[in-house]
Amino acid sequence: LATSCGSIQIWNTTRVGNRPDRVVYDAHGTARPIHKLTYNVDGTLLASRSMDDDAVKVWDAKRLNKSCEPILVCPGLSSLSESANVAFSPKGNFVCAGTSVEPARKGHDSKESSKLKFFAVPTGRSKAVSGLPVLEINVAQGASATRVVWHPKLNQIFIGCSNGSTRIFFDPDLSTKGALLSTARSVRKADGLSELLASRAPLGSMGDIITPHALPMFRDEHKRNREEDRQD
């Protein structure tokens, strides 16, 4: 559990108890609330994120205790939303998170773009390492990247933005299915006959097609004829 007082608590759900099995106090600083927790695929790593220090910290889930330190600190991850999370790669060797941008004011479009930052997770280290991003990708202009999902089977990254849009990032050689099913379909080429008919069509003839009975004059005439037939 992530708490507003800044602690990370691990509870055993197989038995009844009133105390957590493992706990870390002030994980992101004194009394700084933690907004999101994310495990990697096999549950050996735990990532925490806080809006107060604009950072993500990665912990060894098996060695989590009061005196432990994170194995990785990822700074520079500004967040304006409590729903902003963090995601692990399928193998757990990378972690990524999106950044936030200030919302645009009325009459002024924001030129700043949110980013998706990737950090390499160190192995075999017991002390905290402050890592710089190994890769940064622009996500959306004038919108924050809030939710990030790195699908373990598709190996594709899905990002939900504050403007309601969704971005999908993938490598055609490393990912399978998912977005590849739509991008693999090529645009159908026009055949020679269609191009010939389009070139010989009169100018302005490629407009909307309206059925005759959809016009008001035909509807009134048709109604008048029906009334005369009823009177006869």
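Predicted model: local features only at pLDDT ≥ 70, side-chain atom pairs only at ≥ 80, totals over all residues.

User: What makes R63 exposed?

Analyst: R63 has 58% relative accessibility. The label exposed needs a value over 50%, therefore R63 counts as exposed.

User: Why is the contact between the side chains of D60 and R63 called a salt bridge?

Analyst: Their N to O distance is 3.7 Å. The cut-off asks for a side-chain nitrogen of Lys or Arg within 4 Å of a carboxyl oxygen of Asp or Glu, so the D60 and R63 pair qualifies. As background, side chains of opposite charge can pair when their charged atoms come close.

User: How many salt bridges does a search of the whole structure find?

Analyst: Two. D21 and R15 form one of them, with the closest N and O atoms 2.6 Å apart; the limit is 4 Å, so this pair also meets the definition.

User: What makes D21 and R15 partly exposed?

Analyst: D21 has a relative accessibility of 40% and R15 has a relative accessible area of 47%.

User: Why is C5 called partly exposed?

Analyst: The relative accessible area of C5 is 46%, and exposed would need over 50% while buried would need under 20%, so C5 is partly exposed. C5 is found in the segment before β1 (8–10). Leaving aside residues up to four places away in sequence, C5 touches D26, A31 and R32. C5 and R32 are 27 residues apart along the chain, yet their C-alpha atoms are separated by 6.2 Å.

User: How do you know that β7 and β8 pair?

Analyst: Strand β7 (residues 87–88) and β8 are joined antiparallel over two bridges; pairing needs at least two, so they pair. F88 has V95 in β8 as its bridge partner. The two strands form a hairpin with five residues between them, and G92 in the turn has a positive phi of about 80 degrees.

User: What joins β8 to strand β9?

Analyst: Five bridges, with β8 and β9 (residues 113–120) running antiparallel; F94 stands opposite A120 in β9.

User: Why is β8 described as mostly covered?

Analyst: In β8 (residues 94–98), four of the five residues are buried, and buried means under 20% relative accessible area.

Definitions and conventions: Residues numbered from 1 in each chain as written. Heavy atoms only, no water. Buried < 20%, exposed > 50% of the residue type's maximum accessible area, 1.4 Å probe, protein only. Contact = heavy atoms within 4.5 Å.
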